[in-house]
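Thanks for asking me to go through this one with you. Have a look at the fold, and then read my notes alongside it.

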Amino acid sequence: MKKISFLVLAFIFSGSLYSQQLPQLTQFMDNNYVLNPAFAGMEDYYQVRTSIRNQWTGINGAPSTTILSMYGQQEENVGLGGVIFNDQFGPTSRTGGSVSYAYHLSVSNKIKLSLALSGGFTQLKIDKNGLNVANPNDPLTQGDVIVETVPDATFGFNFYAKDWCLGVAIPQLLNNNLNLLDDNLANTLSSEQSGTLSRHLYVMGAYLYNPNGFKWSIEPSFLLKSVSPAPAQLDFALKAIYDNKLWFGANYRSTGDIGALFGYSIKDRYIIGYSYDILNSELADVSSGTHEFMLAIKLKTTTPKVIK
């Protein structure tokens with residue numbers, strides 16, 4: 001019976017779903033600041049980006065994510081940014097926000113290093129109202145709404161040049177414990193069933209290949225995500241870009257999921273992106289896939305930063 005209850009609380013109490021603690025993004029290179037605050041200040045302008053992701057369409061209570069970020073170059077060597085998000089998964093939700101500071105320094109004439117730290121909060125909520133379980137008397141499902149708010153932080157760094165970048169980020173740096181059960185019930189559970197915001201490791205990189213005299217360019221990119229005790233997950237994407245305005249490509253995830261990517265830039269200021277994931281698991285029998293939308297606008301241009 002408790003297996004059913006814990007499934008309801010899966011993203012907090014089940015080690016097998018630790019990789020779902022943080023939102024999944026197919027367009028990860030177009031949302032790089034959300035994953036690594038060291039991307040703030042790499043471009044000489046501020047920008048606002050929003051992403052909406054509906055995962056596993058057709059499954060009631062499947063994960064849905066909304067993200068809004070604003071970041072850019074404040075001074076020649078300083079990048080600032082902020083992000084707010086909401087992640088809904090069945091009766092559980094996660095809401096948070098953070099602000100970040102990044103400092104950029106030259107490693108050589110062609111390579112720079114960005115070091116960044118973000119700080120904020122994460123609020124987790126479990127709404128037990130209306131839960132449909134086999135045993136309504138199970139103490140795990142008793143009660144109303146449980147809310148826990150904890151501080152959060154991310155450290156990141158990024159090496160970059162004119163046509164490539166490679167960086168590492170450690171979200172949920174504080175590895176906070178969560179108090180989402182009453183004391184009497186918590187004492188009956190093992191430590192493996194306690195809630196923890198586990199520290200993650202992200203490694204992300206990209207390379208832009210643009211032959212001289214061609215309007216077409218190619219951008220391969222990857223994102224490696226690791227959190228114990230779940231196996232590491234690798235995303236690999238390849239985009240073809242025409243005249244810095246139109247792009248399309250594909251994404252492959254080590255879980256077997258395959259995604260298609262599309263995007264368009266309007267007047268070099270407004271950006272529209274879309275991706276569709278095809279599931280390669282048992283969920284494919286009950287889900288039509290995953291949709292992700294991205295909108296962006298470039299704002300204030302600051303002092304130009306030249307990387308030869």
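1. Let's begin with one residue that you can find on the chain. Ile272 is found in strand β15; strands here are DSSP runs of E with at least two residues, helices are runs of H or I with at least four residues, and both are numbered from the N terminus. Ile272 counts as partly exposed because its relative accessibility is 42%. The scale runs like this: buried means under 20% relative accessible area, exposed means over 50%, and partly exposed is in between, with a 1.4 Å probe and protein chains only.

2. A word on the model before we go on. This is a predicted model, in which local features need pLDDT of at least 70 and side-chain atom pairs count only at pLDDT 80 or more, while totals for chains, interfaces and linings use all residues. Residues are numbered from 1 along each chain as its sequence is written, and side-chain values use heavy atoms, with hydrogens and water left out.

3. Ile272 also belongs to a nonpolar surface patch of about 920 Å², together with Trp216, Tyr242, Leu246, Phe248, Phe262, Tyr264, Ile266, Tyr270 and Leu295. Patches are made of residues with over 30% relative accessible area and no salt bridge; nonpolar side chains (Val, Leu, Ile, Met, Phe, Trp, Tyr) are joined within 5 Å, and like charges within 9 Å. The areas come from the Shrake-Rupley method with a 1.4 Å probe, and for residues only the protein chains shown count as cover. Strands β13 (246–253), β14 (258–266) and β15 (270–278) each supply at least two residues of the patch, and β14 gives the most, with three residues.

4. Now for the empty space. Rolling a probe the size of a water molecule over the atoms shows where empty space is left. On a 1 Å grid over the protein atoms alone, a cavity is a set of points where a 1.4 Å probe fits but cannot get out, and a pocket is an open set with protein on both sides within 12 Å along at least five of seven lines; lining residues have an atom within 4 Å of a point. Grid points are joined across faces, edges and corners, and a volume is the space filled by probe spheres set on the points.

5. How much space lies in the largest pocket? About 1500 Å³. Of the 43 residues that line the largest pocket, Glu43, Tyr45, Lys162, Leu208 and Glu219 are the closest to its centre. Among the elements that each supply at least two residues of this lining are β1 (45–57), β7 (164–170) and β11 (216–226). The lining divides into 20 nonpolar, nine polar and 14 charged residues. In this count Ala, Val, Leu, Ile, Met, Phe, Trp, Tyr, Cys and Pro are nonpolar, Asp, Glu, Lys and Arg are charged, and the others, Gly among them, are polar.

6. The structure also holds five cavities of 30 Å³ or more. The largest cavity has about 420 Å³ of space. It is lined by 25 residues, and Val34, Val83, Phe85, Thr154 and Pro171 lie nearest its centre. Strand β4 provides the largest share of that lining, five residues. By type, the lining of the largest cavity has 14 nonpolar, nine polar and two charged residues.

7. Next, the charges. There are nine salt bridges, each a side-chain nitrogen of Lys or Arg within 4 Å of a carboxyl oxygen of Asp or Glu. Arg53 pairs with Asp277, with the closest N and O atoms 3.3 Å apart. Arg53 is in strand β1 and Asp277 in strand β15, so this pair ties together parts that are 224 residues apart in sequence. Arg53 also forms a salt bridge with Glu292, at 2.6 Å between the closest N and O atoms. A network of salt bridges links Arg53, Asp235, Arg253, Asp257, Asp277 and Glu292.

8. Are Arg53 and Glu292 buried or exposed? Arg53 counts as buried, at 2% relative accessibility, and Glu292 is buried, at 0%. For contrast, look at Phe214 in the loop between β10 and β11: Phe214 is exposed, with a relative accessible area of 57%.
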